Amino acid sequence: MNRTLFALAFCCIQVITGYAQKTNPLRDSLRKATEALAYHPDSTELRLKKASWNMLLQEWEYAKEEYDRILSRDADNPAALYFRAYVNGKLSRYNFARLDYQHLLCIVPGSFEAQLGLALLNETDRHFTEAFDGINRLISQFPDSAVAYAARANMERERKMLELAAFDYTEAIKRDPHNRDYRLSRADVRLMLKKKEEALEDLEYLVSSLGVTRASLKEFFERARK
């Protein structure tokens, strides 16, 4: 499995986490992948494809089974390791997920995706010191990454470190100024900090420049005007 395919596989996570469930088309695609596997049971590419449809349908156990099969034949397959770690996290199998991320980092040292996944896993598993150490290290290695700054901001917001979260969302926005989520998150943090004028600036920018409807932000505008 080359690193290009691994990078493409990582991009699928964004699709999986944000996918609007359309059951029939997904089931159709899963059925086709399953049928193809019947003729080519040793195809890693087909198993990865089938597992991706299982993930889109949130069939975590079925997806894990596919990654287990791939890794039983190719223990160092980076895409299967990455996605099995993700799936294990969804199944609350945190120690197994951690082992997969660590294995992946042995194969692809310094991997952004694996380091980010491990930091987020540690946050979910309440290993807060390790999570923060990991995300700080990631930002040191990838200072131009908006994703890394936003991930740290999310951690800080969860811990009520609001000034730090606002700063990191600002850093993320500098690197990705058209990202709606970062700007809305900063607006939310600014509202929690009672910085209503600054929050309104973010909300108005979302409407005027990023195409977000004012109606969808009604709750935020109401908070800003109280």
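Predicted model: local features only at pLDDT ≥ 70, side-chain atom pairs only at ≥ 80, totals over all residues.
Which residues have the most contacts inside the largest nonpolar core?

**Entry 1: the main core**

I found that the largest nonpolar core holds 24 residues, and that M55, Y67, V87, Y101, L104 and L121 have the most contacts inside it. I then looked up where its members come from: α3 (44-56), α4 (60-73), α5 (78-90), α6 (94-107) and α7 (112-124) each supply at least two residues. Helix α5 gives the most, with eight residues. I also picked out L121 and listed its partners, leaving aside neighbours within four places in sequence: G89, Y94, A97, R98 and Y101 are in contact with L121. There is a second, separate core of 17 residues, and L116, I135, A146 and A172 are among them. As general background, nonpolar side chains tend to be buried together in soluble globular proteins.

**Entry 2: the overall picture**

I stepped back to the whole chain. The protein has 13 helices and zero strands, so I filed the pattern along the sequence as α-α-α-α-α-α-α-α-α-α-α-α-α. Of the 226 residues, 46% are buried. I checked the contacts with a separation of 6 or more, and residues 24 or more positions apart account for 49% of them. The accessible surface comes to about 12,200 Å², with 52% of it belonging to carbon and sulfur atoms.

I tested the length of α3 against 1.5 Å a residue: its 13 residues should span 18 Å, and the end C-alpha atoms are 18 Å apart, which agrees. Its buried residues are L46, R47, L48, K50, A51, S52, N54, M55 and L56; M55 is the one I had already met among the residues with the most contacts in the main core. After α3 comes Q58, with a positive phi near 60°.

Helix α4 has 14 residues and reaches 20 Å from its first C-alpha to its last, close to the 20 Å expected at 1.5 Å a residue. I noted W60, A63, K64, E66, Y67, I70 and L71 as its buried residues. Seen down the axis of α4, these fall within an arc of 160°, so they line one face of the helix.

Is N88 buried or exposed? At 2% relative accessibility, N88 counts as buried, the cut-off being under 20%. N88 sits in helix α5. Its side chain makes a polar contact of 2.7 Å with the side chain of R93.

S92 lies in the loop between α5 and α6. I flagged S92 for its phi, which is near 60°, a positive value in a residue other than glycine. For context, most residues other than glycine have a negative phi. S92 is partly exposed, with a relative accessible area of 47%.

**Entry 3: D125**

Next I went to the loop between α7 and α8 (128-141), where D125 is found. What does D125 touch, leaving out residues up to four places away in sequence? I got Y94 and R98. The side chains of D125 and R98 are joined by a polar contact of 3.0 Å. I also looked up R93: D125 and R93 are 32 residues apart in sequence, and their C-alpha atoms are 9.7 Å apart in space.

**Entry 4: helix α11**

My last stop was α11 (residues 180-192). At 1.5 Å a residue, its 13 residues should span 18 Å, and the end C-alpha atoms are 18 Å apart, which agrees. The buried residues of α11 are Y182, R183, S185, R186, A187, D188, V189, R190 and L191. Their cover includes α9 (146-158), α10 (162-175), α12 (196-208) and α13 (218-224). At the start of α11, a side-chain oxygen of N179 comes to within 2.9 Å of the backbone nitrogen of D181.

Just after α11, I noted K194, which is found in the loop between α11 and α12. K194 has a positive phi of about 65° although it is not a glycine. K194 is exposed, with a relative accessible area of 65%.

Definitions and conventions
Residues numbered from 1 in each chain as written. Heavy atoms only, no water. Helix = DSSP H or I, 4+ residues; strand = E, 2+ residues; numbered from the N terminus. Expected span 1.5 Å × (residues − 1). Buried < 20%, exposed > 50% of the residue type's maximum accessible area, 1.4 Å probe, protein only. Contact = heavy atoms within 4.5 Å. Polar contact = N/O pair within 3.5 Å; in protein donor to acceptor, adjacent residues only side chain to side chain. Areas by Shrake-Rupley, 256 points an atom, 1.4 Å probe, with all protein chains shown as cover. Core = buried A, V, L, I, M, F, W, Y, C linked by side-chain atoms within 4.5 Å. Arc of directions from axis to C-beta.
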